[in-house]
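Hello,

Here is the structure I promised to pass on. My notes on the ligand site follow below it.

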Amino acid sequence: MASKQTKTRDGFASSVGAFAATLGSAVGLGNIWKFPYLTGSNGGAAFVIAYLLSVLLVGLPILVAEHLIGRKTRLNAIHAYGSVVKGKKYWSLIGWAGFIAAILIMAYYTDVAGWVFAYVFKAIGAAISGTTLNSDTFNALAGGTWEPLAWQFVVLVITSSIIAAGVSRGIERVTKTLMPVLVVLLILCDIRALTLPGAFAGVEYLFKPDFSKLTGNVMLTALGLSFFKLSLGMGTMTTYGSYMPDETRIVPNAAKVALSDTIVSILAGLAIFPAVFAFGGSPAGGPGLLFNVIPLIFSKMPLGSIFTVIFFILSSIATIGAMVSLIEVPVSWMVEKGRMKRPAAAYLTGAMMFGLGILATLSQGPALGNAKIFGKNFFDLFDYVSSNVLLPLGGLAIAILTGWLLKKGEVVEELSKGYGTIKPRYIQLIYIFIKYVSPVLIFIIILNGFGVIK
Ligand code: PHE
C-alpha cells in the first residue's frame, strides 16, 4: 500500500526543503505575537524558563516522534496514526483530535493574521506612526466588526489558494527566501529597543525569574505554547514528516528547527519588553502588545515607517507559512481518503475555518464580546482548548504510541535513515525522552494545570 501511495503523493524535494518547510510551519504568529503576549501576562522570566524547558524536554522529542510516524507511514495524519501499529486502528483518534485542533486554532489565528495584514496598510497610510504607547488603532481594528472580518476572509482566501496549488511548490520556496529577512528586521528592532533609556528593565523582565509566578496553570500555558510553537500534537509535523525524503536525518533536523524557532521568539521578546518598559507601558498588554509596540520602536528610527511596512509584510508571509501547514492537515486527509480534488478540499477547509473564525473575531468586539463559555470569550476559549488541552493530550498520546506500542527497533531504524553505518548515540537518548521523560512531564503538567494534583 505504501508504494502505491508514494507514487501519487507530493513531497519535499530535498532535506533543505524539508527543513525550510518545517521551520516555516513553526515560525509564525507564535513567535512575534503569542510568545511576547503570554510572557507578558504570565509574569516574565519564570514563564520563559518553563517554556524553554518544555521545548527541550517535551517539544523536541515529540517533534521527532511526529516526523518519524509520518515518514514511516507516508500517509496523512489520521491514517498514519491509525495504521502505524497493526490492529490498533483507534489510534487514528489522535489525527481526529488534531483535525479539530487545526480548525479551532485557525479560527482565532486567522483573526490575528488579519490584524497583521491590516497593519501593512495602516503603516503605509501612516495611521500608526504614534510617538507614545497608544492602543487606539489596535482596539478599533480588533474590536470592530466588518474590518477584522474582511481581513480574516482575505487571509483565508490567500492561504487556501496556496494549498490548492500543491505541497512543495507552494510552501518551500516562499519560506526559504524570506525568513532570514524577517530575522534581520527583528535584530534591528532589538538594537533600537535595547538602546532606549530605561530598556534594561525589559531585559530583566525577560531573563530574571521570579519563581513565585510559576503556578500550575502558568506551567500548562508554557507547555501549551511549546506545542503550539512547534506545531505539535495535532498531526501537522506528522504530515510534514510524511513528505520528507529518506535522506533527511530526523533528529538533527528537528533540533535545528526547535533551536531556530526559539531564537526567533527570544529576538521578538528582546524587542518588545525593553521597549514596553522604556515607554512606561505594561508588559501584560494582552493580544495587542505586538501591534502597539513594534510601530513605536520603528518610529524612533530613521526610515522607520518604511521598516514598519516591511516588518508587517514579512510577518504576514511568515504567518502564511504556519497557516498553510495548519490547513494541510485536514486537506491531505480529504484528498487521500475522501478522494477530493486538492482545490475543493482546500476551499472547503477554509470555509469551515471561517465559520468558526467569525465567532472568534466578533468575540473581540461588542457583537459577541459578552458571550462567555467557562468565563472565556470564543477567541480565548478556542485558544485554551486547542493549546492547553488538545495539543498536550495529542502529544501525550503520540509519545505513548511511539515509545510503548512501536517496537524500539522500528523507531531506531526510522531515525537512523540518512546516516551511514555508524549510528549516533543521541538516537538512543531521544528514544528515552520519547518513552519516559516527555509523557511523564506532560501528564504531571496537565494534572497540575487542572488542579488535580499540587
Ligand atoms: N507554529 C505556528 C506558530 O507559531 C502555529 C501552528 C500551530 C502551526 C499548529 C501549525 C500547527 O505560529
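A polar contact here is a pair of N or O atoms within 3.5 Å. By that rule, a backbone N or O atom of Gly-30 lies 2.9 Å from an oxygen atom of the ligand, and a backbone N or O atom of Ala-26 also lies 2.9 Å from a ligand oxygen. At Phe-228, a backbone N or O atom is 2.9 Å from a nitrogen atom of the ligand. Taken alone, the ligand exposes 330 Å² (Shrake-Rupley, 1.4 Å probe), and the protein buries 100% of that.

Please keep in mind that this is a predicted model, where local features need pLDDT of at least 70, side-chain atom pairs count only at pLDDT 80 or more, and totals for chains, interfaces and linings use all residues. Residues are numbered from 1 along each chain as its sequence is written, and side-chain values use heavy atoms, without hydrogens and water.

The shell around the ligand has 14 residues (a heavy atom within 4 Å), with Tyr-109 and Lys-229 among the closest. Helix H15 (304–336) gives the largest share, three residues; helices are DSSP runs (H or I) of at least four residues, numbered from the N terminus.

The ligand takes the space of the largest cavity, a cavity being a set of points on a 1 Å grid over the protein atoms alone where a 1.4 Å probe fits but cannot get out. Its volume, the space filled by probe spheres set on the points, is about 130 Å³. The lining (an atom within 4 Å of a point) counts 18 residues, including Ser-25, Ser-231 and Leu-326.

Best wishes

Definitions and conventions: A polar contact is a pair of N or O atoms within 3.5 Å; within protein, one must be able to donate a hydrogen and the other to accept it, and residues adjacent in sequence count only if both atoms are side-chain atoms. On a 1 Å grid over the protein atoms alone, a cavity is a set of points where a 1.4 Å probe fits but cannot get out, and a pocket is an open set with protein on both sides within 12 Å along at least five of seven lines; lining residues have an atom within 4 Å of a point. A molecule sits in a cavity or pocket if more than half of its atoms lie within 2 Å of its grid points. Helices (H or I, at least four residues) and strands (E, at least two) are DSSP runs, numbered from the N terminus.
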